[in-house]
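Open the model in your viewer and get ready to select residues. We will take it one stop at a time.

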Amino acid sequence: MSLRRTVAAPFRQEGSRELGESAFVVALSLDRDWFSPDQAKRLIDVAASEGLLAREEGQLTVQFDPQSVEVPEEFEPDESILQERSTFERVLGALVEAGHDKQEAVAAVNGRQSELGVTIETAAILYAHERGIDIQELADAALSEL
């Protein structure tokens, strides 16, 4: 997932799991030239809303192991990651990240939704769970949205 890669990059660069917000913004805007400073700040908001970053008093703590995420030299994130995603989109992203074909996953999730008469989020969570993908945080988010 490009959001996870983008968030991991500054932490990998510093070899740390904590960074100041300003250091994170500088890493993405000046060091890597991926975003403007305002866009990098927006990325912090999106990543925090998706549980990838914790923010406290100007400090950011990454909520996953950034060293476990590969960031290829040629990688450059798309601006679309600056948009908050629905729970369904996040589950679909987890499926794709785990190696599942996006179109096949969407078709299967739609089938499950029809079959069970549940929300698209619920069907996606069930589908991902059945494939052994850890989406507990997303399941909790979907439950709180109900």
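Start with Val7, Phe11, Phe24, Leu43 and Leu53: within the largest nonpolar core, of 26 residues, these touch the most other members. Keep in mind that this is a predicted model. Now colour helix H1 (2-14), helix H2 (21-31), helix H3 (37-49) and strand S3 (59-62). Each supplies at least two residues of this core.

Next, zoom in on Phe11. What is Phe11 in contact with, leaving aside its neighbours within four places in sequence? The list is Ser16, Arg17, Glu18, Leu19, Phe24, Leu53, Leu60, Val62, Pro66 and Gln67.

Move on to another core, which lies apart from the largest one. It has 17 residues, among them Leu92, Val109, Ile120 and Ala128. In general, nonpolar side chains in soluble globular proteins tend to be buried together.

Select helix H4, residues 87-97. Eight of its 11 residues are buried, so H4 is largely enclosed by the rest of the structure. Pick out the buried ones: Thr87, Phe88, Arg90, Val91, Leu92, Gly93, Ala94 and Leu95. Just after H4, click on Gly99, which takes a positive phi of about 105°.

Last stop: helix H5 (residues 102-116) and helix H6 (residues 120-130). Their axes come within 8 Å and cross at roughly 115°. The crossing of H5 and H6 is right-handed. On the H5 side, show Ala105, Ala108, Val109, Asn110, Arg112, Gln113 and Leu116. On the H6 side, show Ile120, Ala123, Ala124, Leu126, Tyr127 and Glu130. Colour this contact by class: nine residues are nonpolar, two polar and two charged.

Notes: Residues are numbered from 1 along each chain as its sequence is written. This is a predicted model: local features need pLDDT of at least 70, side-chain atom pairs count only at pLDDT 80 or more; totals for chains, interfaces and linings use all residues. Side-chain values use heavy atoms; hydrogens and water are left out. Buried means under 20% relative accessible area, exposed over 50%, partly exposed in between (1.4 Å probe, protein chains only). Helices (H or I, at least four residues) and strands (E, at least two) are DSSP runs, numbered from the N terminus. Axes are lines fitted to C-alpha atoms, for helices over the stretch in contact, and angles run from 0 to 180 degrees between N-to-C directions. A crossing is left-handed if the near helix is turned anticlockwise from the far one by less than a right angle, and right-handed if clockwise. Contact means heavy atoms within 4.5 Å. Ala, Val, Leu, Ile, Met, Phe, Trp, Tyr, Cys and Pro count as nonpolar, Asp, Glu, Lys and Arg as charged, and the others, Gly among them, as polar. A nonpolar core is a set of buried Ala, Val, Leu, Ile, Met, Phe, Trp, Tyr and Cys residues joined through side-chain atoms within 4.5 Å.
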